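Here is a short briefing to read with the structure open beside it. Take each topic in turn and follow it on the screen.

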Amino acid sequence: MSEIMVQFDHVTKEFPGVKALNDVSFSIKRGELHALVGENGAGKSTLLNVLHGVYVPSGGRIVIDDTHVEFHAPIDALRFGISKVHQEINVVDVLSVGQNIVLGAEPLKGPAIDFRKMYREVDGILEKLGCQFRAADPIRGLSVGELQMIAIAKAVYHKAKVISFDEPTASLSDKEIEILFEKIEELKAQGLTIIYVSHKLDEIFRLADRISVLRDGRYVDTFKASDISRDELIRNMVGRDVSNYAQRAKALCATDEVLLSVEGLCGEGFQNISFTLRRGEILGVSGLVGAKRTEIMRALFGADHKTAGTIRFKGEEAVIHSPKQALKIGIGLVSENRKTEGFVKYMSNRQNMTLAALPGFCRAGGVMKRPDIAKSFEEYAQKVRLNITNPDHLTENLSGGNQQKVILAKWLMTNVEVIIFDEPTKGVDVGAKQEIYALMEEFVAQGNAIIMVSSELTEVIGMSDRALVVRDGEISACLNREELREETLLKHAMPERSA
Amino acid sequence: MKRFLKKSSRELAIVGLILAMAVIFTLIQPRFMQSSTFIDIIEQATINSFLGIGMTLAIITGGIDLSVGSIMAVVVCVCGMASVGGMNKFAVILLGLAVGAVIGFLNGFLIAKMKLQPFVATLGTEEALRGAAFMITGGWPVLSIPKDFRNILNAPSAIGGIRNFVFVMLVAAVIYSFILHRTKAGTYIYAIGANEEAAKLSGVSTDWYKILAYLLCGVGAALAGMVMLARLGAGEPSAGSGYELDAIAAAAIGGTSMAGGKGTIWGTIVGAIMLSTLKVGLVVIGMDTFVQYVAIGSVIIFAAYFDTLQAGITKAISAARKH
């Protein structure tokens, strides 16, 4: 039995146009608590997904317990003793606690489930974990913390050797967090190997034996938790050469004229959001995944419900209860999820590009003026430098960058004055990224304004005139361009304490 | 031309299939090859086509309308009684269209505004409307429908003696196809079915366009009901029972995706013609009634499998070209 439990050996995972993991090699010792840190998009979740068989790596290999493993599905990993406890626990809520725990490995008596044996075994595990509920109880009505205990019980039932925790405390109360940490310490004492992913550095320094840092899909280094300071760790997380492509090519053009102002916006998961947006400005919105940035923007755009707040557009109070009203006032939204919220499948570039501006292309009775549409398509395809100019080409078959251009053109056609970009270059290759940035600059240069939600710090720093930082549904900082530094943004984005 | 061939490949393939069936039927029974058979096929396909074009709209939005058979029955009873009661023949037709539109609106309202699942909502209205049809006539059939009303739809036309309703159907198909492809409403209906969220975020009032689709579906069913009334000269509250399934089959054969976002009016029409060719043909060659059901079912399954098959062939061809 060697000292190494999990070894990542030159693991690479490519998605079309993106290398999510690039030649990652490091090892996790038997019985240690190994933390994994990095910015959004550093590759932590992809690495866990590869470990758990959700993704098959495009290159490299994984050795667990001296065995070279090739998982093709999560069940393979589970059978091998690799369990996970993630932020959102998947349970089948029509089944009982016990049925959920044994799911996929039910004890059998002949062809039927041996319920008595199942309840006995599961109750034993739950008692050891100090849970108040038992195997026969229904899942419905349990708290997130209790669901997490179910996930841990499941790992124990499946005789896990390795358990990974991915942001386990994200939705727990202080008390639940304490209980969780106790259980994690107990599991470690029993000799299990634990991988722990979190943005909360306090938690990591409290629990971890060693810490590995990932950045941009690459492995940076591993440190002993006792040997490294918090500041030094953050430096390692962000310390890349600030890439040169996310930069303003033209002069800044922000004016003093306030185009949009938001006061005290509240909604599900966020409160008291106030900011102003000026003509000619790109306002960055930074923060960790889960800070509710997208939710704030969807509420502003009228796609989701808001509970309070005033929006003023050009000084006048604007009522926005639906995207239709937002569009009428002059606000567009380029969503983060192109496939589900951006373009329409089966539709051509021409149809997708004209979808929002369509009423303007119609005679009375809604009959479309097809020559006008064709003309506009050509004009805007050229404007956004869309390479595939065949109007009948389906948008779904384009690359991420070209899809983004089609969606951007859709809003440009409507003559909106504010565009909200949510992760404008997510899944876009480097060349197209540059073009998107250039189009954004052109847009503000014409006296319009942009709100740019981004998890890429370089993008926020390079492109923004000012930037807001959102933390747990509130604005934690509003920084001017000269104050924008990765450390500063991260400092305001990270929760202060582990609560 | 090339674009037409590519865009209509599905419809053309079905037409090919219909011709192949005609050849086979003729080989077995030469009597199949006569004009009366073709008129029969087209006339039989008409009611299903009226139901099918509306159904196609509902399915394109990602929904379904199981109530079309019952809408037919209500229209048959209302128009039948109005006509027997001496109402002006054109007023009767307007009344029928209005009844279909109102019921369709109701279906759409339940689905879009009250957020019921289309399957469940229209299953409910199907039952309720069937009951309503029986209540309207007190359970009795409506007999001896006046000739002048019947003649509007049922009289043989100057063109080969084909009855008027076939041309009404063609006009309706042209209008529905125009709505789908040439108006913003049509574009929105496709967008709702393929990606409702993206449509909503593009500023589309998705609820109202969904309601419009069901309303037009109701109008199609009303036309089907009136054609039935005109043809038979009598109406009964049990009319149209089970017809929704034929309409769904016609749409499916014609390439409408049950998941929404895809489908054409002309595909559904050729789908309906294919179904009636099969039904008439099997009778002409004297196939056993029970075996007819098996044959029709098999053809529906084959037509559905056709998509998978076509995709496989296209892939194989492009792979072969690469090598």
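Which residue just after H9(A) takes a positive phi? The answer is A:Gly302, with a phi of about 90°. Keep in mind that this is a predicted model. The points below cover a helix and a sheet of chain A, then chain B as a whole.

**Helix H9 of chain A**

- Helix H9 of chain A spans residues 293-300.
- Six of its eight residues are buried, so the rest of the structure largely encloses H9(A).
- Buried here means under 20% relative accessible area.
- The buried residues are A:Arg293, A:Ile296, A:Met297, A:Arg298, A:Ala299 and A:Leu300.
- An α-helix has 3.6 residues a turn, so residues three or four places apart point the same way.

**The six-stranded sheet of chain A**

- Six strands of chain A form an open sheet with mixed pairing.
- Their order is S6-S9-S10-S3-S11-S12.
- Strand S6 (82-86) and strand S12 (218-224) of chain A are the edges, and each pairs on one side only.
- From one strand to the next, the twist averages 20°.
- Strand S3 (residues 33-37) and strand S11 (residues 210-215) of chain A run parallel, joined by four bridges.
- Across that pairing, A:Val37 stands opposite A:Val213 in S11(A).

**Helices lying across the sheet strands**

- Helix H6 (residues 174-189) of chain A lies across S3, strand S9 (162-166) and strand S10 (193-197) of chain A.
- H6(A) runs at about 145° to S10(A).
- Helix H8 (residues 230-238) of chain A lies across S3, S11 and S12 of chain A.
- H8(A) runs at about 30° to S11(A).
- Strand S3 of chain A therefore has both H6(A) and H8(A) lying across it.

**Chain B overall**

- Chain B has 13 helices and zero strands.
- Its radius of gyration is 20 Å, close to the 20 Å that the globule rule gives for 323 residues, so chain B is as compact as a globular protein of that length.
- Along the principal axes, the C-alpha atoms of chain B fill a box of roughly 75 × 60 × 35 Å.
- Of the 323 residues in chain B, 53% are buried.
- Among contacts in chain B with a separation of 6 or more, 77% come from residues 24 or more positions apart.
- Chain B exposes about 14,300 Å², and carbon and sulfur atoms supply 70% of this area.

Technical notes
Residues are numbered from 1 along each chain as its sequence is written. Chains are lettered from A and ligands numbered from 1 in the order in which they are written. This is a predicted model: local features need pLDDT of at least 70, side-chain atom pairs count only at pLDDT 80 or more; totals for chains, interfaces and linings use all residues. Side-chain values use heavy atoms; hydrogens and water are left out. Buried means under 20% relative accessible area, exposed over 50%, partly exposed in between (1.4 Å probe, protein chains only). Helices (H or I, at least four residues) and strands (E, at least two) are DSSP runs, numbered from the N terminus. Two strands pair if DSSP finds at least two bridges between them. Axes are lines fitted to C-alpha atoms, for helices over the stretch in contact, and angles run from 0 to 180 degrees between N-to-C directions. Contact means heavy atoms within 4.5 Å. The radius of gyration is taken over C-alpha atoms; the globule rule is 2.2 Å times the number of residues to the power 0.38. Accessible areas come from the Shrake-Rupley method with a 1.4 Å probe; for residues, only the protein chains shown count as cover.
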